[in-house]
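Please look through the two chains below before reading the points.

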Amino acid sequence: MFSQPSIIIKNLYKQFGNISVTKGVNLEVPFGKMTILLGRSGEGKSVLLKQIVGLISPTSGSIIIEGVDITTLSEDELETHFISVGYVFQFAALLDSLTVFENIGITLIENDVSEQQILKIVKEKLALVHLDESLLSRYPGEISGGQKKRVGVARTLVSEPKIIFYDEPTTGLDPITAGAIRELIFSMQKESKERTTVVVSHDLELLQYADYAALLHDGKIQFFGPASEVFESNNPYIYQFVRGLQEGPIK
Amino acid sequence: MFFDREYFVKKTETLAAIVGHTTISFIEHLGVFGLFLANCMHVLLTKKLKIEKIIEQVNSIGVGSLGIIILTGSFAGMVFALQSYIGFQRVGGEQYIGAVVALGMIRELGPVLTALMTIGRAGSAIAAELGSMQITEQIDALKTLRINIFQYLVIPRILASAISLPLLALFSMICGILGGYFICVHILSLNPQDYTTSIKTYVELSDIMGGVIKSMFFGFILGCVSTYKGIFTHGGARGVGISTTQAVVISSISTLAANYMLTKILENL
């Protein structure tokens with residue numbers, strides 16, 4: 001179907017006590033493409049994403065990112081793994097005690113990069129996400145939800161990740177801001193052919209920007225295919241999901 | 001029937017289950033806390049720490065708590081002097097009040113009171129801050145940005161607590177002794193010479209060192225427990241409240257228990 005996978009997930013299980021969230025997820029995310037992971041609220045999309053990123057350990061199964069099974073890595077090795085991975089959190093997760101400048105440049109600040117260099121990079125990333133430099137001295141509490149998400153993207157871009165994960169990037173935003181965020185995700189993907197993007201969302205508008213789509217239901221991937229074919233697909237799960245039908249295999 | 005065997009067995013089983021569950025949970029927590037401390041030690045020995053981060057925390061924990069430490073230390077010394085006067089007056093030993101107040105403040109009240117007050121002010125703040133960061137995914141964000149949370153959040157707070165508490169305790173001791181002096185000389189009209197001479201005669205450097213060492217341990221307890229509770233917060237805003245309360249309760253109890261053990265150890269040295 002595609003040249004080479006960037007992420008390979010094999011038989012991924014995750015249990016919290018007696019509750020199973022992922023029940024044998026198998027998925028191959030294509031390299032250099034944008035994949036959207038769809039699913040109803042509470043299906044465990046974010047949990048799956050956090051497992052792929054390494055924030056949550058799976059109960060069993062493997063997650064191979066660029067040839068490395070991250071489920072076998074130690075804490076220190078995982079830190080190195082994060083170099084190639086960027087994660088944009090649902091609510092941006094900006095550090096509220098730091099300014100926008102410090103938030104975007106935190107990795108550089110912690111690695112003792114010169115102040116001039118940090119300012120240059122931060123301004124560059126801020127321009128990429130179409131934000132004004134006047135925001136740099138503001139705190140996260142002083143900017144809007146849409147601006148926070150953009151700052152979150154800018155912060156992720158600082159480390160030039162090969163794979164970017166977006167967790168519900170358009171949730172809770174007004175239609176205009178949501179549209180701008182979709183465009184931003186798309187432009188970030190187009191910026192580099194080497195970049196793989198995974199977006200977790202139930203925002204169907206994102207399908208027009210994505211290359212591939214997957215549907216998570218009942219802890220398993222029930223559909224995977226080109227995003228352009230989602231509306232024509234006869235797969236009962238995706239058929240029901242994209243049409244918002246009450247009748248069907250998704251209860 | 002006086003004795004319902006089935007009922008009794010059921011009750012015993014329930015009780016055994018509760019005891020078993022509590023014991024397992026306690027040991028589990030102890031294990032996780034042990035791993036947390038081991039990780040702290042590993043990071044402390046292998047990673048570079050930023051002095052400015054520690055200074056920032058000393059400012060927040062130490063300087064921020066100075067006001068209440070001065071107040072509580074002063075009042076503790078004043079009450080101690082007043083109570084001692086009542087007793088010593090009966091046996092005609094008023095000239096020893098200075099030494100009693102000073103030894104009490106230096107060896108016990110200063111370090112313990114400082115620890116308890118700082119736990120209430122700074123320990124709760126640490127647990128609440130880290131807890132809020134945890135539930136709003138800020139800690140996860142730091143991990144994905146390749147920032148070691150022990151190096152960035154935990155160690156600076158533990159070190160700052162261990163540095164701040166002895167200094168705060170010294171302030172508390174001084175304020176307590178001065179408070180006692182004020183009561184003895186200006187309220188009870190005792191001879192100021194008696195107060196100062198008895199301190200010079202009976203207080204030794206080892207007493208002060210003992211108090212400072214104790215405070216350092218108390219600071220370490222405060223830092224470790226508060227950061228641990230904050231980092232392992234879960235369950236939303238309610239979880240932050242629970243973590244904060246637990247941080248204060250566990251730190252306070254641990255401080256009092258450690259105080260007994262340290263007093264015993266220092267006594268034998």
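1. Two strands are taken to pair if DSSP finds at least two bridges between them. On that basis, chain A of this predicted model has an open sheet of 4 strands in the order β2-β1-β4-β5, and the pairing is antiparallel. Its edges are β2 (19-30) and β5 (68-69) of chain A; each has a single partner strand, so one side of each is left without a neighbour in the sheet.

2. The pairs in this sheet can be taken one by one. Strand β1 (residues 5-16) of chain A runs antiparallel to β2(A), with 9 bridges between them. β1(A) is also joined to β4(A), again antiparallel, by 5 bridges. β4(A) and β5(A) are an antiparallel pair with 2 bridges.

3. In β4(A) the partner is A:Ile63.

4. At the β5(A) end, A:Ile65 has A:Val68 as its bridge partner. β4(A) and β5(A) form a hairpin with 2 residues between the strands, and in this hairpin A:Glu66 takes a positive phi near 45 degrees.

5. Helix α1 (residues 45-53) of chain A touches β1, β2 and β4 (60-65) of chain A, and its direction makes about 120 degrees with that of β1(A).

6. Chain A has another open sheet, with 6 strands in the order β6-β7-β8-β3-β9-β10 and mixed pairing. The strands at its edges are β6 (85-88) and β10 (220-226) of chain A, each of which pairs on one side only. On average, neighbouring strands of this sheet are turned by 15 degrees against each other, direction ignored.

7. Strand β9 (residues 212-217) of chain A pairs with β10(A) in the antiparallel sense over 6 bridges. Within this part of the sheet, A:Leu215 is opposite A:Phe223 of β10(A).

8. Helix α6 (residues 175-191) of chain A lies across β3 (34-38), β7 and β8 (196-200) of chain A, and runs at about 160 degrees to β8(A).

9. Chain B is divided into domain 1 (1-46) and domain 2 (50-268). Their C-alpha centres are 31 Å apart. The contact between them takes 7 residues from domain 1 of chain B and 8 residues from domain 2 of chain B. On the domain 1 side of chain B there are 6 nonpolar residues, 1 polar residue and no charged residues.

10. In chain B, helix α2 (residues 51-91) packs against helix α5 (residues 149-187) at an angle of about 25 degrees, and their axes are 6 Å apart. Angles under 35 degrees count as roughly parallel, and α2(B) and α5(B) are therefore roughly parallel to each other. The crossing of α2(B) past α5(B) is right-handed. The residues of their contact are 25 nonpolar, 13 polar and 2 charged.

11. α5(B) also meets helix α6 (residues 192-202) of chain B: their axes come within 9 Å and cross at roughly 150 degrees. That makes the two helices, α5(B) and α6(B), roughly antiparallel. Their crossing is right-handed. B:Ile177, B:Tyr181, B:Cys184 and B:Val185 of α5(B) make the contact with B:Pro192, B:Tyr195 and B:Ile199 of α6(B). By class, this contact has 7 nonpolar, no polar and no charged residues.

12. The last point is the contact between the chains. How many residues does each chain give to this contact? Chain B gives 12 residues and chain A gives 13 residues. On the side of chain B, the largest share is 5 residues, from helix α4 (residues 138-144) of chain B. By class, the side of chain B that touches chain A has 4 nonpolar, 4 polar and 4 charged residues.

Note on methods: Residues numbered from 1 in each chain as written. Chains lettered and ligands numbered in written order. Predicted model: local features only at pLDDT ≥ 70, side-chain atom pairs only at ≥ 80, totals over all residues. Axes fitted to C-alpha atoms, helices over the stretch in contact; angles between N-to-C directions. Contact = placed C-beta atoms within 7 Å. Parallel < 35°, antiparallel > 145°, perpendicular 65-115°, else oblique. Left-handed = near helix turned anticlockwise from the far one by under 90°. Nonpolar A, V, L, I, M, F, W, Y, C, P; charged D, E, K, R; others polar. Domains from an automatic or database assignment.
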